[in-house]
Amino acid sequence: MTSFWNTAFAVAAKDLRLEGRSREALVPTGFFALLLTVLFGFAFQSEPVDPRTQAPGLLWAAFSFAGVIALQRSFALERDGNCLRALLLAPVDRGALFVGKALANFLLIGLVEAVVLPIFSVLLRVPVAPCLGPLALIICLATLGFVEVGTLFSGMASGTRLRDVLLPLVLYPVWVPILVAAVESTGLVLSGRPLSEAREGLILLAVFDAIFLGLGLLFFEHVVEE
Amino acid sequence: MLLGLALAYLYVPSERTMGDVQRIFYFHVPFAMSAFLAFGVVLISSLGYLSTRDRAWDRWAQAGAEVGFLCCTIVLLTGPVWARSAWGVWWTWDARLSTTLLLWLIYAAYLMLRSYGDGGDRTLRQAAVLGIAGALNVPIVYYSVAWFRTQHPQATFFTREGLPVPEMAIALRFCLAVVILLVVDLIWKRVWLAHLEERRDRLRLELEEARA
C-alpha cells in the first residue's frame, strides 16, 4: 500500500513540478475561465445574475469548459516524447498512475477555481463570501469527480486522431450526474441556505466520486496501455 | 415483419382521450426496450472483450452500440411528438428523458471514439471501457436527476397492466415482439457483416503477400 501511494505521489509531484516550470496548463486554463466569466457578464448585461437559478449554472459551465483544457494539457505532456510509454514501462500499479495523474489535475484545476471564483463573484455580482466554506466543500467534491472521469477519458482520447476534440465529447455526458448534484447544492448554498439543506447533494457527490474512482482504478490500464 | 407492424398499428388500437397521437406509443415503447437490450449487449460484450481480448466479443459490442443508437434515435424522435400533445411541450428535463438523451450522447461518443481510433487493440479496449462506463452511467444519471427534478407522472403511462382496452395490450405485445425480433436480427446481421469484413481484409492481405 505504501508503494502505491509513493508511486501516486511521485507521478503527481512530477506533473506539478513540470507545471511549476512551464505553467503551460495553469495560465491558459485560468485565462480561459476568466474569459468565460467575462463572456457571461456580457451575455447577461447589466442585470445581476440570480444566485439561486443562474449563478450555479454559469459557475459550473465555466469550470467544466476550463477543466477540459487542463486535462488536455495533462496527457499532451505524456504524449510528447513518448513519456507515457516510459511511465508504463515502470513496474508499478496502473491504479497508482491514475491516482497520481488525477491528483495533479485536481490540484491544478482547484487552484484555477480558487482564482476564478472571486473574479466570478465580482464580475457577475454574486455574493460568495458569506458561504465560502460550504461552497469550497462542494467545489472540492465536484472537482474530484471531474478529474476522476477526466483523467480516465483524457488517457483514452489521447490515443486517437481527434484527441483534443474527442475528450469533451466523451467526458461531458458521463460527467452530467456530478454536474447536476454540484449545481443543485451550489444553488442552495449561494442563496443563503445552510449547508444541511444541501446534504443530499453532498452525499450524492461523495457517492459518485467513489464510483468513478473505482472505475478509474479498474479501467485505467486498459485505456493507456498499448 | 414491417408489414405486420403497420397492420397492428393501423387496425387494432381504438381511440383514447389523447387521440391518434397515442398510437406512437406502440413504436416508442418497443424501441425504448430494444435500446436497453442493445446497450445491455454492449455492456456484456465489452466486459467479455476486456477479459478475453477476443475480437468476436468486440464485434457484438459494436453491433449492439450501432443498433442501440438507432433505436435510441427513434425513441427520441417519437417521444417529443407524443409529448407535444400529451404534456403540451416537446421536451422536459425529466429523469427518464434526460437519461435517454444522455444515453444517446454517450453512445454517439462511443461510435465516434471507435471511428477516430486506429482500429487496433487499444482503441477496442478504450471503446469497451467507454461502453461499460456508459452503461453503468444510466442508473446513476437516472437517480441523480430524479433526486432533484420533479418527477412526472409518466410512469403511469408506461405500466402495461394499466392499458384499458385489451386490443391495446395485444397491439403493444405484438409490436414489442416484432421490434425486438427486428433489433436482434439487425444486431446479428451487423456482427456477421463485421466478421465478413475482417475476413475480406485478411484474405486481401494474404493475396498481396502471395503476389509479392
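1. The largest nonpolar core of this predicted model has 119 residues, and those touching the most other members are A:Ala62, A:Val170, A:Ile178, A:Ala182, A:Leu205 and B:Ala38. Helix H7 of chain A gives the largest share of this core, 16 residues. As general background, nonpolar side chains in soluble globular proteins tend to be buried together.

2. Helix H7 of chain A spans residues 163-190 and bends by about 50° at A:Val176. A proline, A:Pro177, follows within four residues of the bend. How many of the 28 residues of H7(A) are buried? The count is 23, and the helix is mostly covered. After H7(A) comes A:Gly192, with a positive phi near 90°.

3. A:Val170 deserves a separate look. Apart from neighbours within four places in sequence, A:Val170 has contacts in both chains: A:Phe153, A:Met156 and A:Ala157 on one side of the list, and B:Ala109, B:Leu113 and B:Leu130 on the other. A:Val170 is also among the core residues that touch the most other members.

4. Next, the contact between the chains. Chain A puts 24 residues into the contact and chain B puts in 23. On the chain B side, helix H4 (95-116) and helix H5 (121-148) each supply at least two residues. Which helix gives the largest share of that side? It is H5(B), with 14 residues. By type, the chain B side divides into 16 nonpolar residues, five polar and two charged.

5. B:Ser85 lies in helix H3 of chain B, which covers residues 55-86. Is B:Ser85 buried or partly exposed? B:Ser85 counts as partly exposed because it has 13 C-beta neighbours inside 10 Å, whereas a buried residue needs 20 or more. B:Ser85 and B:Gly117 are 32 residues apart along the chain, and their C-alpha atoms are separated by 43 Å.

6. On confidence, the model has an ipTM of 0.76 and a pTM of 0.80. The average pLDDT of chain B is 76, and 76% of the residues score at least 70. Residues 151-161 of chain B have a pLDDT below 50, and this stretch makes ten contacts in the model beyond near neighbours in sequence. Where pLDDT is low, the predicted coordinates should not be read in detail.

Conventions
Residues numbered from 1 in each chain as written. Chains lettered and ligands numbered in written order. Predicted model: local features only at pLDDT ≥ 70, side-chain atom pairs only at ≥ 80, totals over all residues. Contact = placed C-beta atoms within 7 Å. Nonpolar A, V, L, I, M, F, W, Y, C, P; charged D, E, K, R; others polar. Bend = angle between axes of the 7 residues up to and from the residue. Buried ≥ 20, exposed ≤ 12 C-beta atoms within 10 Å, placed from the backbone. pLDDT = per-residue confidence, 0-100. Core = buried A, V, L, I, M, F, W, Y, C linked by C-beta atoms within 7 Å.
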